[in-house]
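Work through each one with the structure in view.

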Amino acid sequence: MSATFVGMPAFPTAARAALADTQLRHNLTHATHTIRDKRARVVAELPEWEELRTAGAATKDRALLTLDEQLVRLEESLTSRGAVVHWARDADEACRIVADVAQAHGVDEVVKVKSMATQEIGLNEALAAEGIAAWETDLAELIVQLGDDLPSHILVPAIHRNRAEIREIFRRRMAASGRPAPDDLTDDPGELANAARLHLREKFLRARVGVSGANFAVAETGTLVVVESEGNGRMCLTLPEVLISVVGIEKVVPTWRDLDVLLRLLPRSSTGERMNPYTSMWHGVTPGDGPQEVHVVLLDNGRSHALADQVGRQALRCIRCSACLNVCPVYERVGGHAYGSVYPGPIGAILNPLLKGVGSDPQVDSLPYASSLCGACYEVCPVKIDIPSVLVDLRAQVVDAHRDRRVPKPEAVSMRAAAWTLSDSRRLARAERISGRAGRWLTRLAGLPGPGRRWTSARDLPAPPRESFRAWWLRTRRRGSRS
Amino acid sequence: MMDGMRVALMVTCVNDVLFPRTGRAVVDLLTRLGVEVDFPEAQTCCGQPMVNTGYLDEAVPVVRTFVSAFEGYDAVVTPSGSCAGSARHQHRMVAERSGDAGLVAAVSEIGPRVYELSEFLVDVLGLTDVGAYFPHRVTYHPTCHSLRLLGVGDRPRRLLEAVRGLTLVDLPEAEECCGFGGTFAMKNADVSVAMGADKARHVRETDAEVLVAGDNSCLMHIGGMLSRQRAGVRVMHLAEVLASTEAAA
Ligand code: SF4
């Protein structure tokens, strides 16, 4: 896969291009509305949904508050059950560890379970550089990989593609990495799935090393949990001789019981299913059954940085269900690529800045602004992440990071001017009088270069009134007329 | 129910300079309902434009001004769900940033007494029928901050349903954001317009003559699009509909 998010432009520019892609718009509207409605239906079935959300948030908070203890416990439990635990500070370290294990076994390919952590660290590209092919086995990931494309959704990475496009990708690209698609392949979903199944089966049976992530890691038992809906995960987790799991440190939960709430919240929020189809759980090595060499790479890659952020740390509760993407009016129109990361949508708009830090990369700094703050994401989040509040806090961090610039941005200048005017009603009244028609003053408040044009390119402005409310009140002496 | 209650109108900066008729409608409506409402002249803005763009330091003096204007009132009524949300949910953060414990205490005290208009009418005055008359076909957009930040629920709907002569039509995808979002409308103008275009389309699907909402900022955005399209639909603040009477018509 040579496609990359590196060098993506800031959100407004990327979004503008995405908005013009009619196929994308059409595919996304259809897909997001379908999942959105499905989720709403199954969530409405549970009268205790709000209590479940509260419990889910509390469970993850408890784990994060004692993260240091939980991780040490997890390492002990895993080691005592025969797994090898590795700690990775960043993406490079994690990729190095995986490559070393694969190379120690002399393999030139691995099969992969869909995993956000390995996408985040760019594992496939790192392995490719070492001459190791990493085969994605999740159907949507396969479509993305074969199409030399980038994921655009956490759960459905090929959400921006429709059946006709998928058929094209299969026909043109499958042969290069294994069993080709049948000549008479149509865009019937059943046929497409079968072509993928036959293609993948060869890879499953051949590969000696499997790579996965984990949705949860239970500290007390050393259990890793992978939640998927195609069964490909189960194949990757059981058939190879060696299994390497890359797990973000925030995936740890203290006890087995904690899974109860989280496994009830996740499927309804993500796929709109009442129960998850394939839930794999394993701890370490089981002699004579499944992989006989098990590695777990515990990944930081900015999570400690996020944990130190008082407002933003709640983002680490995220269980990657994608509900916030599916309801987001911005995501629905621009899709995932515009966010320039494997984590798009509302959660991506906060998680990327939290993991990477703000103030140095204009692309990252543009993400907290990629929202109208409508709050639809907060409403559906199964672990109650207050995304709008985190967005606002991150905006303040972006502004603060640029406060000591010698030449302030035009926006900062107008904001300061607006604040000066708005901190004293006499100044405001004077500004209203000076600008003659009261409304003209408001364009300065907008605080952006050429804000008028950005507004009026598609929207009329109301005719400004001759008299402000304040002037009317004073003129008619409302107060004077009172006793 | 509210004898001796001191009620202040927080008109908001946008209404003050661009939509004074909304402020006048609130004054007319409340006066008609027997509420004596004051306009503290020291008021300016709730600070939301700064806060939501990330300029917290700049918002501090604005919030101070807010406090000095509205301290001492029993209720602060505002024809904006967004600005009510700002006072109730954001001022504390700004005050904490200032490091001034007095300001934190003051905003925590005022915040809960700030009411969006429909909340004030339904919860404080206990009214849904305010005696209005408005013989037009109307659809209602529940703006995001009223809906999700404040949770005004069906209060505006109940108020509209009680208006004589008014035909209320459901707006498809009503709860989806219109795309205004404050400075978002300019910083991400393309996405904002794409969202607004869909909202305007849904408004037209209703065949309504008037689109009503509780926030003029959102209405300026949707109305700006409808006007550009020469759609033949006008936008109107809830306060203006509720202030309309048969005598005036
Ligand atoms: S932020 Fe919440 S809604 Fe969004 S993916 Fe994470 S858990 Fe799901």
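**Exercise 1.** Determine how strand 2 of chain A pairs with strand 4 of chain A.

Solution. Strand 2 and strand 4 (residues 209–212) of chain A pair in the parallel sense, over two bridges; pairing requires at least two bridges found by DSSP. Strands are DSSP runs (E, at least two residues) numbered from the N terminus. In this pair, A:V111 stands opposite A:G210.

The model is predicted: local features need pLDDT of at least 70, side-chain atom pairs count only at pLDDT 80 or more, and totals for chains, interfaces and linings use all residues. Residues are numbered from 1 along each chain as its sequence is written, chains are lettered from A and ligands numbered from 1 in the order written, and side-chain values use heavy atoms, without hydrogens and water.

**Exercise 2.** Describe the pairing of strand 2 with strand 3 in chain A, and the side-chain directions of strand 2.

Solution. Four bridges connect strand 2 to strand 3 (residues 133–136) of chain A, again in the parallel sense. A:E109 faces A:A133 there as its opposite residue. From strand 2 (residues 109–112), A:E109 and A:V111 point one way, A:V110 and A:K112 the other. All four are buried, that is, under 20% relative accessible area (1.4 Å probe, protein chains only).

**Exercise 3.** Give the strand order of the open four-stranded sheet in chain B.

Solution. The order is 6-5-7-8, with parallel pairing. Strand 6 (167–169) and strand 8 (234–237) of chain B are the edges, each pairing on one side only. Strand 7 (residues 210–213) joins strand 8 by four bridges, and B:V212 has B:M236 as its bridge partner.

Conventions. Buried means under 20% relative accessible area, exposed over 50%, partly exposed in between (1.4 Å probe, protein chains only).
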